[in-house]
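Dear colleague,

Please find below the structure that I am handing over to you, together with its sequence. My findings follow directly after it.

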Amino acid sequence: SFEESNIGAGRKVQIEFVSANPTGPLHVGHGRGAAYGDAIGRILKATGSIVEKEYYINDAGRQIDILTASVILKVIQNKINNFFPQKAYKGDYIDSIGREFISKNKIEYGDIDFIDKDLSSDPEEEMDQIILKLKELDESIWSSVKTFSLNSIIESIKNDLEDFNVYFDNWFYESSLGDLKNESSEISKSITKLTKEGKTYKKDGAIWLDTESAGDDKHRVLVREDGRATYFASDVAYHKNKIDRGYDNLINIWGADHHGYIKRIEASIEALGSKKEKLVVKLVQFANLFKDGKKVKMSTRSGEFFTLKDLIEDIGADAARFYYLSKQADQHLDFDIDLAKSDSKENIFYYIQYAHARIFSLEKKFNENNQGKNINSISEESTSYDKYDKLIHEISKYPNIVKKSAQTLQPHLIIFYLRDLSQLFHSYYNDNHVLSESEENMKSIIFCLSAVRQTIANGLTLLGISPMQKM
């Protein structure tokens, strides 16, 4: 198709995005990174790169322990006097995972009296004590609830993303990096390699990596004094794994709050003997949602939040993707749900789709009126060319817009372009009664408008949005 160029020329690119902790459903904050990462993937593919999309599942940390404990506590609530710690995960989804687990398995503990005994008054410590006690009570119940809860949430994340037209080539489990007890695990091997290269040092019983040389503000701990690996160590091993897979570029899409991580990951990539230029980190700002003129509360202590699923049910995946992509990703986005549903000119999504649908119906009428005639030949005598030369000029810009969008990783450029093209079309359409033109003129006009429609369709498709044939 006409926008496809070959600037990527077979470069192998990996894009890692969303990667939300599997501790609950995706919320609308995750939607922006999902739309952005997926659109970049489509645009790079259209311009000749070989693209792989990956989701990194943090399934090895304390968050998953909190999830497991929350589900168990919900299930045994009657036996523990409805005790539920402040730091446990709340929300209906915890209840439903618990109910689902019980429908297929049993949870039977002997004596449960750990709740009233000497729990810390510090909420974080209290949570850690509960986790420890539940593990000690019955290791096999713990591990089966953990696996069940994790799988249930990953399944729901996959389903929500598919409804959002986002598919991943690879789901990478943090736990597959192994732990430090196993010398042949990826996490052990990466720390051994760093140590061999003379990049780490010991201090206060911990193992550190010098990341200041790469511009980080301080050195970072890889292995705590008690011998446990830090999150950073997992990240180092994960990025080593990615580099070993032989990509030309690694694109990481992170929330803007991860800004501080960039330097330390770059430092680890260099320390492992690769070039930090391989890594491109794009930061995505949070989106504020407005409904009925009021800002939507993203989440409350009670665990209620506006999920991505809610948004898709409310306005559809196409409109949601469109608005997430309508502004540069690292800028704040105010997203008005009511506007996204309206039929007004202010709703750019509607305005662009309406241009596509309008041309579609013109083509249909024209073809019905000209059945049996040869309408593919356009005569040179057409007099109406000057009326739509602006449209032709605008269409000719499209390949360059796609190329620029691929080079800068900015899908919103395509949306701005489609808005301008649609505006030119609507004003042309409002000023000219197309179907009452002479037969010769009409042929060339329809020929031009078909190209406009095709360009709009191509642009929307590149963003993972379906063009509409009628409104």
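Asp292, Asp334, Asp336 and Asp338 together form a negative surface patch in this predicted model. One of these residues, Asp336, lies in strand β11, which covers residues 333–336. Its relative accessible area is 34%, so Asp336 counts as partly exposed.

As to the chain as a whole, the protein has 16 helices and eleven strands. Its C-alpha atoms fill a box of roughly 90 × 55 × 40 Å along the principal axes. Of its 471 residues, 50% count as buried.

Helix α7 deserves a separate paragraph. The helix runs over residues 231–244, and its 14 residues should span 20 Å at 1.5 Å a residue. Is α7 enclosed by the rest of the structure or exposed? Twelve of its 14 residues are buried, so the helix is largely enclosed. Just after the helix, Gly246 adopts a positive phi of about 80°.

Two further positions may be of use when you inspect the model. Val71 is located in helix α2, which comprises residues 62–75. With a relative accessible area of 1%, Val71 is buried. Between Val71 and Asp257 there are 186 residues of separation along the chain, and their C-alpha atoms are separated by 29 Å.

The other position is Glu439, which is found in helix α16, residues 439–462. Glu439 has a relative accessible area of 42% and is therefore partly exposed. Which distance separates Glu439 from Asn370 in space? The two residues are 69 residues apart in sequence, and their C-alpha atoms lie 9.5 Å from each other.

In summary, the points to look at are the negative patch that includes Asp336, the largely enclosed helix α7, the buried Val71 and the partly exposed Glu439.

With kind regards

Conventions: Residues are numbered from 1 along each chain as its sequence is written. This is a predicted model: local features need pLDDT of at least 70, side-chain atom pairs count only at pLDDT 80 or more; totals for chains, interfaces and linings use all residues. Side-chain values use heavy atoms; hydrogens and water are left out. Patches are made of residues with over 30% relative accessible area and no salt bridge: like charges are joined within 9 Å, nonpolar side chains (Val, Leu, Ile, Met, Phe, Trp, Tyr) within 5 Å. Accessible areas come from the Shrake-Rupley method with a 1.4 Å probe; for residues, only the protein chains shown count as cover. A salt bridge is a side-chain nitrogen of Lys or Arg within 4 Å of a carboxyl oxygen of Asp or Glu. Lys and Arg count as positive and Asp and Glu as negative; His and the chain ends are not counted. The place of a charge is taken as NZ of Lys, CZ of Arg, CG of Asp or CD of Glu. Helices (H or I, at least four residues) and strands (E, at least two) are DSSP runs, numbered from the N terminus. Buried means under 20% relative accessible area, exposed over 50%, partly exposed in between (1.4 Å probe, protein chains only). The expected span of a helix is 1.5 Å times one less than its number of residues.
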